[in-house]
Amino acid sequence: MRFAYADPPYFKHGKRLYGEFHDQAADWDDQETHFMLIERLMDEYPDGWALSCNPSDLEWLLPYIMVDVRICAWVKSFHRIRDLVNVQHSWEPVILKEGRVIRNRRPYLRDHLVCPIALRKGLPGAKPDRFNDWILALLGFNPAEDQIDDLFPGTGGMAEAAARMNPIRVVGDQQTIFGLLGDTA
Ligand SMILES: C[S@@+](CC[C@H](N)C(=O)[O-])C[C@H]1O[C@@H](n2cnc3c(N)ncnc32)[C@H](O)[C@@H]1O
């Protein structure tokens, strides 16, 4: 199977956060660029994909997607505090489409992850290792036979997560996954 993870500059944060890292970062301040990304994910990755975004973007992204997806949640147990904000922002959605179906899955996999943000990665929005592990688990990624395309690799954490992952082993009619997170809290 061939999967994709997309972690683009979030809407309205392109030029501000990534202008110094990429010449076309400002493109992501236009909703149309995000719609084109969704088209690409739908066209090129029928086996499954995951897309990170800000909670406020769900309002306009989901009506555009118009297909069956799951909204998973990365809850940040440690995060930036903004003094002027009324209610702190402490989670990010992951829009999940398809992925490998694994029956009788053990350990159980949750549609939420609780873990701290990554620090000192040198790139705003760089994802922590546990987050990347969780994305691969959500997609049912098997390193022995699957491909994961990280469309916005940044610090390269997703490739490292794929490289350190152990293959799925089939035990009788039950697939057991080793090397993945069970209780992620
Ligand atoms: C949210 S970060 C990705 C972080 C990555 N998941 C990680 O854990 O390191 C978004 C990335 O997209 C890059 N980027 C910005 N504009 C881009 C564009 N127009 N095309 C491709 N990549 C772009 C940024 O430089 C940055 O590396």
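**Exercise 1. Overall architecture**

Determine in what order the elements of the protein run from the N terminus on.

*Solution.* From the N terminus on, the order is β-α-α-β-α-β-β-β-α-β-α-β-β. The structure is a predicted model. Its secondary structure amounts to 5 helices and 8 strands. The radius of gyration is 16 Å, close to the 16 Å that the globule rule gives for 185 residues, so the protein is as compact as a globular protein of that length. The C-alpha trace spans about 55 × 35 × 30 Å along the principal axes.

**Exercise 2. Burial and contact range**

State what percentage of the 185 residues is buried, and what share of the contacts with a separation of 6 or more comes from residues 24 or more positions apart.

*Solution.* Step one concerns burial: 29% of the 185 residues are buried. Step two concerns range: among contacts with a separation of 6 or more, 68% involve residues 24 or more positions apart.

**Exercise 3. The setting of Leu136**

Decide whether Leu136 is buried or exposed, and identify its contacts beyond four places in sequence.

*Solution.* Begin with the location: Leu136 belongs to helix H4, which covers residues 129–139. Next, apply the cut-off, by which a residue is buried if 20 or more other C-beta atoms lie within 10 Å of its own. Leu136 has 26 C-beta neighbours inside 10 Å and therefore counts as buried. Then list the partners: once neighbours within four places in sequence are left aside, Leu136 is in contact with Phe141, Ile148, Ala161, Ala162 and Met165. Finally, take a separation: Asp29 lies 107 residues from Leu136 in sequence, and their C-alpha atoms are 28 Å apart in space.

**Exercise 4. The ligand shell**

Find how many residues surround the ligand, and which are the closest; then sort the shell by class.

*Solution.* The ligand is surrounded by 18 residues. The closest are Phe21, His22, Gln24, Gly154 and Thr155. By class, the shell around the ligand comprises 9 nonpolar, 6 polar and 3 charged residues.

Technical notes:
Residues are numbered from 1 along each chain as its sequence is written. This is a predicted model: local features need pLDDT of at least 70, side-chain atom pairs count only at pLDDT 80 or more; totals for chains, interfaces and linings use all residues. Helices (H or I, at least four residues) and strands (E, at least two) are DSSP runs, numbered from the N terminus. The radius of gyration is taken over C-alpha atoms; the globule rule is 2.2 Å times the number of residues to the power 0.38. A residue is buried if 20 or more other C-beta atoms lie within 10 Å of its own, exposed if 12 or fewer, and partly exposed in between; C-beta atoms are placed from the backbone. Two residues are in contact if their C-beta atoms, placed from the backbone, lie within 7 Å. A residue is near a molecule or strand if its C-beta atom, placed from the backbone, lies within 6 Å of it. Ala, Val, Leu, Ile, Met, Phe, Trp, Tyr, Cys and Pro count as nonpolar, Asp, Glu, Lys and Arg as charged, and the others, Gly among them, as polar.
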